[in-house]
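Colleague: I'm new to this one and would like a quick tour. Can we start with the picture?

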Amino acid sequence: MLAQYLLAGLTVGAIYALVALGFAIIYNASNVINFAQGEFVMIGGMASAGFVEAGLGLPLAALLAIGCATLVGILLEKFAVERARGASVVTLIIITIGASILLRGLATLVWDKKIHPLPGFSGEQPIVFAGATLLPQVVWVIGVSALAVALVWWFFNRTLTGKAMLAVSHNRLAARLAGISVRRVLLTSFALSAALGALAGILIAPISFTSWDVGIMLGLKGFAAAILGGLGSGPGAVAGGLVLGIVESLGAGYLSSAYKDVFAFLIILAALVFLPDGLFGRRAAERV
Amino acid sequence: MSSSPTASSAGAPQSGSRRGLLALAIFAALLPLALPNAYTYEIAILVGINAITCVGLNLLIGYAGQISLGHAGFFGLGAYGSAILASRYGWPPLLSLPVSTVLVGALAWLVGRPILRLRGHYLAMGTLGLGVIVSIVLATEDRITGGPDGMAVPPLKVFSYAIGGEKTWYWIIAAAVVLAVWLAQNLIESPRGRAMRALHGSEVAASAVGIDAARHKLHVFVLSALFAAAAGGLTAHYSGFITPSKSSFVHSIELVTMVVFGGMASTFGAVVGAAVLTTLPQVLTTLKEYEMVTLGAVMMLTMIVMPQGLVPTLEKAIAAARRKPV
Amino acid sequence: MRLRAENLSKRFGGVAAVQDVGFDLEPGVVHSIIGPNGAGKTTLLNLLSGIYRADSGSIVLDDTELSGRAPHEFAIAGVGRTFQNLQVFFNMTALENVMVGRWQHERCNLVSALLRLPRMAREERRCREAAYELLEFVGLAVWASRDADSMPYGALKRLEIARALAARPKFLLLDEPAAGLNPTETLDIDRLIREVAARDITVVLVEHNMKLVMEVSQHVVVLDYGRKLAEGDPKTVSADPRVIEAYLGCSA
């Protein structure tokens with residue numbers, strides 16, 4: 001049983017990790033919490049389901065769906081976040097929340113309010129592994145997520161563009177003075193986060209299906225995972241997501257599945273109160 | 001002892017808000033003349049209920065500079081508290097309502113101490129988490145709360161005469177709104193209100209003159225929870241039925257949006273924000289499918305174009321127009 | 001009313017901002033804390049006002065141990081301060097800024113605030129008058145009902161002093177009050193400091209402006225790299241070769 005719960009926790013944790021990573025990337029570049037992050041997940045799942053239902057093959061549908069989400073991310077940055085530069089934290093939160101409501105509304109218009117399935121990437125035959133039964137999709141989720149995280153790590157630490165983005169997150173003015181285009185970094189961060197979110201949505205859709213409002217809880221939990229890991233820390237976001245997923249799964253399995261979500265948020269609250277900077281966060285000292 | 005500058009600045013804020021309160025009371029008294037049917041009365045009552053919650057929330061967000069993305073939790077707890085005491089324990093609603101409100105205040109006191117040590121996004125997450133937990137518990141403990149389908153609530157009774165009907169409730173809620181605004185304005189104009197605004201301006205400077213930041217934040221947090229709980233209790237006995245969606249994350253966001261839209265650090269802004277954003281979806285039910293899209297677009301556009309909120313932006317525009325030579 | 005610091009130390013990560021610093025601040029005397037950039041002056045001031053908690057050491061005001069307490073408790077014990085990076089309440093008028101300073105001396109509980117009890121109106125009037133007097137004292141009476149964010153830099157520095165004075169402190173810590181001021185404004189600050197000292201408030205100055213320090217203070221503490229380098233009256237300290245070397249980097 002333990003193996004089953006751990007595996008389930010790892011699976012959903014991988015999804016939370018991708019969403020949390022998206023939060024972290026945008027926060028690092030712009031100091032904005034993008035409450036519409038969950039909607040990228042939704043777009044990924046719904047768009048690919050829609051394309052598949054229209055007759056396209058899964059790989060192409062998935063690619064197009066990621067493309068759609070990336071486009072939405074870029075538009076969001078250009079028309080909402082860019083315009084509201086310098087606004088207060090609360091204002092920015094409201095703007096991105098408004099964006100998430102807008103996107104959900106558009107989803108019901110473009111698609112519908114029904115639940116949609118997505119075919120598993122390699123069929124539905126369950127595999128038996130280490131005493132646990134799992135869908136092949138689980139392997140895809142964990143594997144592709146790990147690959148995505150590795151690629152993101154490589155991007156930020158080994159490419160010039162990625163390093164430029166890190167520079168902006170450390171000191172925007174200095175980065176500007178070094179010739180880095182902050183605007184381009186912002187656009188890239190939104191695009192990247194949207195792509196990651198969409199990927200998460202596509203990966204999880206075969207297991208838990210997708211619908212117009214699937215982004216609300218996923219976005220919230222991804223945000224919680226990012227905070228748990230320490231806002232602004234990429235590795236923290238991934239760790240936070242995995243921890244959250246596993247704790248939630250263990251709680252649901254051993255204690256009460258009805259309160260699955262409550263365990264997740266209780267852990268977050270405990271972490272906030274006892275680990276005020278998150279697992280890996282850095283506290284910015286206030287200069288007086 | 002020169003006092004002319006002090007006299008005028010002593011007069012200004014007080015008389016302005018007194019006039020505003022009077023205007024609000026007169027408006028509330030005359031509004032029924034413009035309400036054609038029960039449905040419009042219902043909307044007015046809904047506006048009033050949201051206004052009470054938002055006035056309290058505005059004290060926390062606009063004046064004290066904190067944030068709460070879980071305030072619907074207090075609203076729902078106030079509603080369910082009174083409903084449970086009245087229907088399962090047979091308490092008279094006139095008693096269960098205030099008791100429930102006070103109990104929610106006590107809960108806010110307990111959770112407020114640790115939660116308010118957080119700042120910014122972390123505080124947002126903390127309050128969000130609390131709100132979500134409350135709404136899940138309310139939906140899951142169906143033996144006590146009736147679960148996701150909700151529970152029935154006995155009506156308010158005065159001397160075994162049940163109070164019902166939109167017209168009667170309108171006056172109750174209108175009076176409650178005026179009371180809420182009066183209390184909030186009193187607080188804001190008092191030294192405590194000044195201390196609260198000082199905390200918002202610079203917490204470190206405020207503590208350097210002896211203001212206990214943690215205690216003040218806690219007081220405002222509890223006060224805003226009391227407002228929300230009272231509004232929740234009133235809703236419960238007015239509609240005769242409550243569901244856990246009253247304490248949902250979505251509702252919390254709606255409340256914050258009303259406060260920010262109407263204008264932070266403006267009690268009347270909170271009322272206006274509640275009024276506009278409560279009636280807007282009702283107006284849009286004709287375009288049911290476009291409701292979400294429009295709401296989202298309105299939220300975004302307002303914050304981008306009027307980041308201060310509606311009422312302060314209008315105030316500034318009026319002040320600027322006055323200064324222009326005619 | 002003596003403020004004694006003993007063996008104060010504060011680290012930030014690997015950096016020892018303040019190491020083993022101790023001194024006595026006698027009442028009735030204007031004190032200055034000086035030292036080259038990065039010597040730990042502001043950290044020391046933050047320790048003395050409770051904003052930072054010392055890693056070790058103690059701060060004793062008369063017989064009361066203050067270290068480890070919350071910042072507002074330092075203020076209530078009688079330690080007031082201004083800030084190097086202005087911490088003015090920009091969301092209020094100048095008069096309101098000073099009125100906030102008087103917080104400790106107002107009796108205002110939550111219930112009487114909510115219900116607007118008549119006693120409060122009397123208190124408010126008194127508070128307003130006292131605040132206005134302080135604005136006159138620092139020469140800012142004309143700005144009383146103006147928003148703080150419309151005031152020039154020099155005026156804001158004096159506003160912070162007025163606000164700190166409203167708390168009726170026993171010790172007033174001034175963090176670089178003359179920073180960014182022109183010579184005329186600095187003379188005003190000089191005069192203001194003397195007038196404050198004449199009101200029986202012990203002033204502790206952190207300053208770079210040597211002329212101001214030498215003219216206005218009677219006791220100088222010199223910090224360098226977080227440690228106390230020298231201490232004494234201005235003449236002695238300015239002639240101390242170690243002090244000269246710390247500032248100029250070579251022996252005289």
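Colleague: Leaving aside its neighbours within four places in sequence, which residues is D62(C) in contact with?
Modeller: This is a predicted model, so local features need pLDDT of at least 70, side-chain atom pairs count only at pLDDT 80 or more, and totals for chains, interfaces and linings use all residues; side-chain values use heavy atoms, without hydrogens and water. Residues are numbered from 1 along each chain as its sequence is written, while chains are lettered from A and ligands numbered from 1 in the order in which they are written. With those neighbours set aside, D62(C) has contacts (heavy atoms within 4.5 Å) with M1(C) and R2(C).

Colleague: Why does D62(C) count as partly exposed?
Modeller: D62(C) sits in the loop between strands β4 (56–61) and β5 (64–65) of chain C; strands are DSSP runs of E, at least two residues, and helices are runs of H or I, at least four, numbered from the N terminus. Buried means under 20% relative accessible area, exposed over 50%, and partly exposed in between (1.4 Å probe, protein chains only). D62(C) counts as partly exposed because its relative accessibility is 37%.

Colleague: How far apart in space are D62(C) and Y52(C)?
Modeller: In sequence, D62(C) and Y52(C) are 10 residues apart. Going from C-alpha to C-alpha, the gap in space is 20 Å.

Colleague: Which chain A residues does L128(B) touch?
Modeller: Not counting residues up to four places away in sequence, L128(B) touches L69(B), G70(B) and F249(B) in chain B. Over in chain A, L128(B) touches F35(A), L220(A), F223(A) and F265(A).

Colleague: How far from C127(C) is the nearest cysteine sulfur?
Modeller: A disulfide is a pair of cysteine sulfur atoms within 2.5 Å, and the structure holds 0 of them over all chains. C127(C) counts as buried because its relative accessibility is 0%. The nearest cysteine sulfur to C127(C) belongs to C108(C), at a distance of 10 Å.
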